[in-house]
Structures are given as structure tokens and as C-alpha cells.
Amino acid sequence: MTSGEVPRPGLAPGLHRPVGTMSAALYGELRPHPWRDPETAQDAYILFHDRSLAMGWLDDLGGTVRITAGGVEERPTGAPGLWGMNDAGQVHPLALPESSLVAWFQVGVEPVAGDRPLPVQPFLRCAADTVARIGELRLRAVQLLLPVQGIDASARPAYAELPALRTAGWFTGGDPRASTPVRVTLDGGQDPSIRTAAPRMRERMGRPAQEVFACGSLSLDDEPAGGDNPGGDDPLASRPPFEDHFWNGPARYRATFHGTLAEWSADALGWLGGLLADLAARHGITTPLLLTAARLEAEPTEARR
């Protein structure tokens, strides 16, 4: 740790270079708030930036400010955080016209401490909070670009081999009516490593026991389900709105986990993304993965955002 640096939970001290790009694309049906004027209201980028800053998640170390009080002094501005801003929006030139893309977000992920997962959960929570400011969302599918290459599995301490499991208790005791059948696909693009890793990932997923995601089956498929539609028969999602060079694209080698998620929420989806990223790194994946999660049935009685 450098002199004068303040340690921040979840961030590796002394390191402020992004280890990779993390992106999220949210699909579904958005009903804009009637009081919001899209011509004058803050856009998705500004909303996401401000929410990240307010929650202490934004890394904005950089510039300097001059202070004149008996002299001139330069001090660094900003503070360390979990990610730095890249881009965000509601439309994307790579999205298919018929897709139901609602919003997308892209950040540069800072190195995380050895006992913390990739910050997928706060990232997706921040994305959901941003969209909630724009309108009422019925979320049907999520795509996440996971920078697995930024995880050093060998640096994980014994008490946090899979850091996400340390917070699985947050979902314990939730409304059982909120549990949702889901299909979760991990795509390695042109890297076939996921085919070898996936069976071992599934086996390790339930040890120790956790009640957030129960995997019922695993299938390996080289062809994207539904062509450009990762949501299968439901044309709510499309090929990812991310350039291929971010993740060894285009899509090719994939593994699909079918199971039940404790709740269809940004928190649960983000938690699962963090767990799967660590499982992938632990079983030899060293390149980015594209995660696509889609719900398989109608919303539970007690729907959750």
C-alpha cells in the first residue's frame, strides 16, 4: 500500500489499473415514467455514474486540484473504487433491431482483494437502479461480460476459495414464491475451455451447500440457441452489444446450466455471476466469458426488481 493510501473494502491496495472490461445488457419491457422528459432528463450514463459515485463504487482517481493558501499545492482528486466508467446507454449499434434491449453498461474493473469476488453484484444492482430511474422494467434476460482473466484463483485464501459463498446467507429466508426457473449460459467465444471446465464447475457449485442457485442440469452446445437469440425461443435478447475483441467473440463454445434461482433480481443474478466467474477461474478459464441468464416461466407471485 502506498503512503497515505486509505484501504477500501473489496479493492486490492496499491493497484488502480483495470484488470478487464465488465459489461451488462438488460432485456425486457420498459415502461417509461410519465413524468420523465427524455429530452431534458439525465441519460443512462449520467445516472449510472452518479449512482456509482453515491454508493462508493466508482473509481475516479485521476486529476489534481491546486490549492492556494500561502502557496500552491497539488493534491490528487477522486477516490478508489470497484470500477471506472467506460460507457452506457439505452440503444446500441450492435443490437439487433428486433431485440428488446433496454439498457447497457460498460466499466473497467479494478483489481479485487483476494477474499472478494468480482463486483458483479453491485455492478448489476447499480444498472438496475439506473433503469428504475428511467422507468418500470420487466426484466426478461441479462447478458454479462465477465472479465475472468482478472481473477487470480491461486491468491484466494482458504476461508474464501469462492468468495461469493460468504454472502449466500443474504438470500436465505426469502419468499419461496420468488424462486424462478432460469437458463444460464456461459459462452467462451472461440476459446473451447468452457466445455472442459463446466462439468467440474457444476460439481463444485453445491459445495458447501448454498440456496441461491440450484443447478438441475448441464448441457454443452457449440451452436447458440436460437441463432442470434440467446434467450432461445423468446426473442427478448440478441447477440451481445459488445465488440468481439472484448471477449474472444463471436459466440461458439458454450455451456448451459438449467436450474432455479432464489429470486429473479439484480442481486441474485449478480451474485450468481460472481460465483460462476470464480468457478471458471478455479477450473482453468483465463479469458472473458459471456453470461446470458433468462427466466423460463412467468414471473413469481411476488415479483422482485
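Q: How do S7 and strand S9 pair, and over how many bridges?
A: They pair in the antiparallel sense, over nine bridges. S7 covers residues 180-189 and S9 covers residues 253-261. Strands count as paired if DSSP finds at least two bridges between them. Strands here are DSSP runs of E with at least two residues, helices are runs of H or I with at least four, and both are numbered from the N terminus.

Q: What kind of model is this, and which cut-offs apply?
A: This is a predicted model: local features need pLDDT of at least 70, side-chain atom pairs count only at pLDDT 80 or more, and totals for chains, interfaces and linings use all residues. Residues are numbered from 1 along each chain as its sequence is written, and side-chain values use heavy atoms, with hydrogens and water left out.

Q: Back to S9. Which residue there is the bridge partner of Leu186?
A: Ala255 is the partner of Leu186.

Q: And how do S7 and S10 pair?
A: Also in the antiparallel sense, over six bridges. S10 is residues 289-295. Val184 has Ala293 as its bridge partner there.

Q: Why is S7 largely enclosed?
A: Nine of its 10 residues are buried, so the rest of the structure largely encloses S7. Buried means under 20% relative accessible area, exposed means over 50%, and partly exposed is in between, with a 1.4 Å probe and protein chains only.

Q: What about the chain as a whole: how much of it counts as buried?
A: 51% of the 305 residues.

Q: How many helices and strands?
A: Four helices and 10 strands. From the N terminus on, the order is β-α-β-β-β-β-α-β-β-α-β-β-α-β.

Q: Among contacts between residues at least 6 apart in sequence, what share joins residues at least 24 apart?
A: 83% of them. A contact is heavy atoms within 4.5 Å.

Q: New topic: H3. Where is the kink?
A: It is centred on Pro199 and comes to about 30 degrees. The bend at a residue is the angle between axes fitted to the seven residues ending there and the seven starting there.

Q: What does H3 reach from its first C-alpha to its last?
A: H3, residues 193-205, reaches 18 Å, close to the 18 Å expected for its 13 residues. The expected span is 1.5 Å times one less than the number of residues.

Q: Which residues of H3 are buried, and what covers them?
A: The buried ones are Ile194, Ala197, Ala198, Met201, Arg204 and Met205. The cover includes S7, strand S8 (213-221), S9, helix H4 (266-282) and S10.

Q: Is H4 mostly covered or mostly exposed?
A: Mostly covered: 16 of its 17 residues are buried. Its end C-alpha atoms are 24 Å apart, which agrees with the 24 Å it should span. After H4 comes Gly284, whose phi is positive, near 95 degrees.

Q: Switching to aromatics. How many aromatic pairs are there?
A: Six. Rings of Phe, Tyr and Trp (its six-membered ring) pair if their centres lie within 6.5 Å; planes under 30 degrees apart are stacked, over 60 edge-to-face, and the rest tilted.

Q: Where do Trp83 and Phe123 lie in the chain?
A: Trp83 is in strand S4 (residues 83-89) and Phe123 in helix H2 (residues 120-134), 40 residues apart. Trp83 is buried at 0% relative accessible area. Phe123 also has 0% and counts as buried.

Q: What kind of pair do Phe171 and Trp271 form?
A: Edge-to-face, with 6.3 Å centre to centre and 70 degrees between the planes. Phe171 sits in the loop between strand S6 (135-146) and S7, and Trp271 in helix H4, so the pair ties together parts 100 residues apart in sequence. Phe171 is buried at 9% relative accessibility, and Trp271 at 2%.

Q: Which residues do ring pairs link into a cluster?
A: Phe48, Trp57, Trp83, Phe105 and Phe123.

Q: Last one: Gly20. What is it in contact with, leaving aside neighbours within four places in sequence?
A: Val107, Gly108, Val109, Pro147 and Gln149. Gly20 is in strand S1 (residues 20-32) and counts as buried at 13% relative accessibility. Gly20 and Leu145 are 125 residues apart in sequence, yet 9.8 Å apart in space, C-alpha to C-alpha.
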